[in-house]
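Subject: Structure for you to look at

Hi there,

Here is the structure I promised to pass on. Have a look at it first, and my notes on what I found follow below.

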Amino acid sequence: GEDVIRAYPRLFYKYRAVEKLAEGRSVEDALLLAEHFSATTAFAHALAFCQAAESVCGIEVPARAQVLRVLLAELERFRHHAGAIQEICESTALGVAASQAAILEEDLLRLSCALTRHRYLFGIAKIGGLARDFDDDVWCVALEWLHDILRRLEALELSLRDSSSFLDRLEEVGIVSEQEARAFGLVGPVARASGIARDLRKAQPYAKYVDFVFDVPAEQEGDGYARLRILFAEARQSVRIMEQAIAALPTGPLQRLSVGIAPGAALGWAEAPRGATFHWLRIANDGTVLRYRIVTPSFINWHGFHLAAEDFAFQDFPIILASFGLSVAENDR
C-alpha cells in the first residue's frame, strides 16, 4: 500500500547506436536500420525515413503508393493498439480480457502477413513508393476482416466498461494533467488522454491523409482509463480511414522507375502508433548517409512517465506503465 514518492527511470541499457551505425552507409541500408528500430512500429519509422530521403532527393511518390502507405500505417496502428489494450488488461490480472485482446492482435498480425508477407510489415516501405503492389480485391476482403475484428474489439470495450474491478485499477490512477503534458511535450495517445489533441496526420499532413476525414480523439482526465479509451477510439478511426482509402485507391504506378540519390538534408515525420516520430537525414555528395537523427514518441514520453507514477500506490505502477505503452527499444536509439 505504500506510495511511490519519486520515480527515476534508468534507460539506455539497450543502446544500439543506430544513428552512428547509419553514417557512411547507403540510404537503402539506413532504411533497414530505421525499419528495424522498433518492430511493433516498423512501418511508421520506415515511412518517416523514406519521406526524409524523398524530400532531400526531390522524389515525388505516385498517388497509389501514397494511399497504400496510409492503409499500411493505419493497419499497423490498429494492430499496435490491440496489443497495447492486451497489455493493460494483463497488468490488471484480467486474464480472460487479456486473452481476447491477444487473439485480436494475433488476427491482425496474420492479416498483415497475408497482405505483405510479414507480420510486422517489414520490407514493404521503399524510397519512392512501396516494394510491392496489392490487388484491389485483396483489400476489399481485408476490410471485411477489419470490420469483424473491430466489432469484437468494441464488444471487449463494453465488457471492460462493466467490470468494476477493472475500472477501479484505472480510474483516477496515473494522472497527468494537461499542463504537465504540455510542459513535458508528451505526444500520442498519452498526450491526447490529457486533453492535447495533437496529431501530425492533421497538423502536418503527409502521404494522402489530407484527403481523408477522421477525428483525433481526446480525453480530459489524463488517467489510465482515459489512455485506454483513446486506444479504443483511435482503433475505430483507423478502420474509418482504411475504409475511405480502399474506396479511393487510385490506379497507376507504385514506384518511380528511376530514383536518384542527391546530397542535402531534410526532416521526415509520421504519427506513429505511440505518437509523433521525426527522422532527420543528411546525405553526402557520394550518396551515403552523413548524419542521421531520430526522435521517437517513447523517447519523449519516458521523460514524463514519472508524472504519472509518483504519488500513487506501488501496486499501481505496472498498470500505469502499461497504460503509457512505452518501448525501451524505441527509446534507446
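In the contact between H2 and H3, Val-27, Ala-30, Leu-31, Ala-34 and Glu-35 from H2 meet Ala-42, His-45, Ala-46, Phe-49, Cys-50 and Ala-53 from H3. Sorted by class, the residues of this contact are 9 nonpolar, 1 polar and 1 charged. Please keep in mind that this is a predicted model.

As for the geometry, helix H2 covers residues 27-35 and helix H3 covers residues 42-57; their axes come within 8 Å and cross at roughly 150°. That angle is over 145°, so H2 counts as roughly antiparallel to H3. The crossing of H2 and H3 is right-handed.

The loop between H2 and H3 deserves a look as well, and Ser-38 is located there. Is Ser-38 buried or exposed? With a relative accessible area of 3%, Ser-38 is buried. Leaving aside residues up to four places away in sequence, Ser-38 touches His-45, Arg-274, Ser-327 and Glu-330. One of these, His-45, also belongs to the H3 side of the contact with H2.

Glu-330 leads on to another residue, Tyr-15. In sequence, Tyr-15 and Glu-330 are 315 residues apart, while their C-alpha atoms are 9.8 Å apart in space. You will find Tyr-15 in the segment before helix H1 (18-22). Its relative accessible area is 53%, so Tyr-15 counts as exposed. Again not counting residues up to four places away in sequence, Tyr-15 touches Asp-332 and Arg-333.

Helix H4 spans residues 63-91 and helix H6 spans residues 136-161; the axes come within 12 Å and cross at roughly 25°. Because that angle is under 35°, H4 and H6 are roughly parallel to each other. Which hand does the crossing of H4 and H6 have? The crossing of H4 and H6 is left-handed.

On the H4 side, the residues that meet H6 are Arg-64, Leu-68, Leu-71, Leu-72, Leu-75, Phe-78, Ile-85 and Cys-89. Their counterparts in H6 are Asp-136, Trp-139, Leu-146, Ile-149, Leu-150, Leu-153, Leu-156 and Leu-160. By class, the contact of H4 with H6 has 14 nonpolar residues, no polar ones and 2 charged ones.

Last, the aromatic rings. How many aromatic pairs does the structure hold? There are 7 aromatic pairs. One of them joins Tyr-209 and Phe-214: the ring centres are 6.1 Å apart and the planes are at 65°, so this pair is edge-to-face. Tyr-209 has a relative accessible area of 1% and is buried. Phe-214 counts as buried too, at 2% relative accessibility.

Trp-302 and Phe-305 form another pair, with ring centres 5.8 Å apart and planes at 70°, so it is also edge-to-face. Both Trp-302 and Phe-305 are buried. These two rings are part of a cluster, in which ring pairs link Trp-302, Phe-305, Phe-317 and Phe-324.

Best wishes

Key: Residues are numbered from 1 along each chain as its sequence is written. This is a predicted model: local features need pLDDT of at least 70, side-chain atom pairs count only at pLDDT 80 or more; totals for chains, interfaces and linings use all residues. Side-chain values use heavy atoms; hydrogens and water are left out. Axes are lines fitted to C-alpha atoms, for helices over the stretch in contact, and angles run from 0 to 180 degrees between N-to-C directions. Helices (H or I, at least four residues) and strands (E, at least two) are DSSP runs, numbered from the N terminus. Angles under 35 degrees count as roughly parallel, over 145 as roughly antiparallel, 65 to 115 as roughly perpendicular and the rest as oblique. A crossing is left-handed if the near helix is turned anticlockwise from the far one by less than a right angle, and right-handed if clockwise. Contact means heavy atoms within 4.5 Å. Ala, Val, Leu, Ile, Met, Phe, Trp, Tyr, Cys and Pro count as nonpolar, Asp, Glu, Lys and Arg as charged, and the others, Gly among them, as polar. Rings of Phe, Tyr and Trp (its six-membered ring) pair if their centres lie within 6.5 Å; planes under 30 degrees apart count as stacked, over 60 as edge-to-face and the rest as tilted. Buried means under 20% relative accessible area, exposed over 50%, partly exposed in between (1.4 Å probe, protein chains only).
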